[in-house]
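Welcome, and please take a look at the model below. The notes that follow walk through its chains, its confidence and a few of its helix contacts.

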Amino acid sequence: MADESQINPTNPTPPVTVGSFDAFVGPHLPMLLRVASSLCRNSHDAEDLVQDTLLRAFRGLGGFDGTYPRAWLLTIMRNANINRHRRQRPGLLHDAADLEGEADRRNPPASSAEDVVAAHTPAPWIADALQCLSPRHLRVVQLVDIAGLTYDEAAATLGIPAGTVMSRLHRARSRMRAHLAHHPDVRSEPR
Amino acid sequence: MTPHAMLDMFRRKGGSRCIEIGREIQTYLDGGLDPTTAARVSNHLHACRRCGLTADDYRLLKSALAETTAPMSAEPLQRLHAFAADLAAGDIPT
């Protein structure tokens, strides 16, 4: 989970000016790139999505009240991603549910799970567990357990209620736990 | 009430307790419970071997997932920092 100090409304971000924009977004760039990577097919698209998010954030600075900067940036990223899909498939996307379906279609669970663990694999059995998830369940695991977002931040990113994020996440972990119950690398001790 | 009925009731109570706690384990591990409920769950996890092992499974899973976060290469981040600096300097793409 993310550090609470980053989203605590009693500890708001100092006023962001045009000239301090880079200092403001700098600490959030690794998180944004990680989240974009879970939403896009490849690293090039992910970087493009973050650039688009930064440009929209810069143009929308006047409407930012200084609280919840991560959620603000993630909501912008979500809208930028919707627009990106609209440009690629005009007329097909109307709401968050459409975006989810489109994202599911573009990122089948097998390739996404492989991408997640391709660069760094401390526990190979995790790849097996991720393979058993549906695209929607995989996405919340990527955002919360891997990218470190809070439920609310993942909800802002996906455009769904935080309760839905929680229920999908819990179901995903339960499924992975059941999947791993008989995995030889995990169950070495008698239960 | 017969001893068998009392025993049956006791078992059902214990079982329903585990089911109730089982619903809260993941939220507990995510730090999403209020302090009173968290203490109740914590006490149960220490007292009940089965629920304690379930919680251990989820801890292991969460920890392993957190470790799958690939180290981020420097180049894309440097490009994004430069892009943000360009915006701050007034170099805005049309």
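## Make-up of the two chains

Helices (H or I, at least four residues) and strands (E, at least two) are DSSP runs, numbered from the N terminus. On that basis chain B has four helices and zero strands, in the order α-α-α-α from the N terminus on. Chain A has 10 helices and zero strands.

A word on conventions: residues are numbered from 1 along each chain as its sequence is written, while chains are lettered from A and ligands numbered from 1 in the order in which they are written. This is a predicted model, in which local features need pLDDT of at least 70 and side-chain atom pairs count only at pLDDT 80 or more, whereas totals for chains, interfaces and linings use all residues.

## Burial and contact range

A residue is buried if 20 or more other C-beta atoms lie within 10 Å of its own, exposed if 12 or fewer, and partly exposed in between, with C-beta atoms placed from the backbone. Buried residues account for 38% of the 191 residues in chain A; of the 94 residues of chain B, 17% are buried.

Two residues are in contact if their C-beta atoms, placed from the backbone, lie within 7 Å. Take the contacts between residues at least 6 apart in sequence: in chain A, 64% of them join residues at least 24 apart, and in chain B the figure is 50%.

## How confident is the prediction?

The model scores ipTM 0.75 and pTM 0.73. At the residue level there is pLDDT, the predictor's confidence in each residue, from 0 to 100. Chain A has a mean pLDDT of 79, with 70% of its residues at 70 or more. Among the elements of chain A, helix H6 (residues 109-118) has the lowest mean pLDDT (42) and H3(A) the highest (95). Two stretches of chain A stay under 50: residues 1-10, with 18 contacts beyond four places in sequence, and residues 108-121, with 26 such contacts. Where pLDDT is low, the predicted coordinates should not be read in detail.

The mean pLDDT of chain B is 85, and 83% of its residues reach 70 or more. Among its elements, helix H1 (residues 3-29) has the lowest mean (73) and helix H2 (residues 35-47) the highest (95). Over residues 9-13 of chain B the pLDDT is below 50, and this stretch has zero contacts in the model beyond near neighbours in sequence.

## Where the chains meet

In the interface, 28 residues of chain B are in contact with 33 residues of chain A. On the chain B side, the elements that give two or more residues are helix H3 (49-67) and H4 of chain B, and H4(B) gives the most, with 10 residues. That side of chain B has 18 nonpolar, five polar and five charged residues; here Ala, Val, Leu, Ile, Met, Phe, Trp, Tyr, Cys and Pro count as nonpolar, Asp, Glu, Lys and Arg as charged, and the others, Gly among them, as polar.

Axes are lines fitted to C-alpha atoms, for helices over the stretch in contact, and angles run from 0 to 180 degrees between N-to-C directions. The residues of the contact of H3(A) with H4(B) divide into nine nonpolar, two polar and two charged.

Which helix does H9(A) meet through Tyr151(A), Ala154(A), Thr157(A) and Leu158(A)? The partner is H8(A), with Arg139(A), Val140(A), Leu143(A) and Val144(A). This contact has six nonpolar, one polar and one charged residues. The axes of H8 (residues 135-146) and H9 (residues 151-158) of chain A come within 9 Å and cross at roughly 130°, which makes H8(A) oblique to H9(A).

Ser38(A) lies in helix H2 (residues 29-39) of chain A and counts as buried because it has 23 C-beta neighbours inside 10 Å. Leaving aside neighbours within four places in sequence, Ser38(A) is in contact with Arg139(A), Gln142(A), Leu143(A) and Ala147(A). The C-alpha atoms of Ser38(A) and Arg139(A) are 7.0 Å apart, although 101 residues separate the two along the chain.

Terms used:
Angles under 35 degrees count as roughly parallel, over 145 as roughly antiparallel, 65 to 115 as roughly perpendicular and the rest as oblique.
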